[in-house]
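Dear colleague,

Please find the structure below, together with the sequence. My notes on helix geometry and side-chain contacts follow.

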Amino acid sequence: MKMNIEFIDPSQAAVEIPKTEPYINSTRAISDKLDALSIPNEQHERFAYDLLEHIEIARAEAFKSGIKLGLELAGAAKGG
């Protein structure tokens, strides 16, 4: 089977990773715990921002790892 892959301008590429119900539920649980802490607003906001940034990086890295694995498996199945 021959595959034709059409490449697009990477600056125009976007993949949205859906936020599942378990993801949303765990986010709410963390948010509730963070809200219960007695820390100044500025520290609360900074921690929340850093945590969200970390989560988005982790999600993006997991996605890239999945794509890489898929490509490697496809290459191995193809004999290359």
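Arg46 counts as partly exposed in this predicted model, at 47% relative accessibility. Its side chain meets that of Asp50 in a salt bridge, at 2.7 Å from N to O. Asp50 is likewise partly exposed, with a relative accessible area of 33%. Both residues belong to helix α2 and lie four residues apart, about one turn of the helix.

By the rule applied, there are five salt bridges. Another one joins Glu56 and Lys19, whose closest N and O atoms are 4.0 Å apart. This pair links distant parts of the chain, since Glu56 is in helix α2 and Lys19 in the segment before α1, 37 residues apart. Glu56 has a relative accessible area of 36%, and Lys19 one of 45%.

Glu72 and Lys68 also form a salt bridge, with 3.9 Å between the closest N and O atoms. They are separated by about one helical turn because they are four residues apart in helix α2. Lys68 is exposed, at 54%, whereas Glu72 is partly exposed, at 47%. Through shared partners, salt bridges join Lys19, Glu56 and Arg59 into one network.

Arg59 has a further contact: its charged end sits over the ring of Tyr23, 4.8 Å from the ring centre. Arg59 is buried in α2, as are His44 and Ile55. The buried residues of this helix pack against α1 (21–36).

Regarding the geometry of α2 (residues 41–78), its 38 residues should span 56 Å at 1.5 Å a residue, and the end C-alpha atoms are 55 Å apart, which agrees. Just after α2, Gly79 takes a positive phi of about 95°.

With kind regards

Technical notes: Residues numbered from 1 in each chain as written. Predicted model: local features only at pLDDT ≥ 70, side-chain atom pairs only at ≥ 80, totals over all residues. Heavy atoms only, no water. Helix = DSSP H or I, 4+ residues; strand = E, 2+ residues; numbered from the N terminus. Expected span 1.5 Å × (residues − 1). Buried < 20%, exposed > 50% of the residue type's maximum accessible area, 1.4 Å probe, protein only. Contact = heavy atoms within 4.5 Å. Lys NZ or Arg CZ within 6 Å of the ring centre and 35° of its normal.
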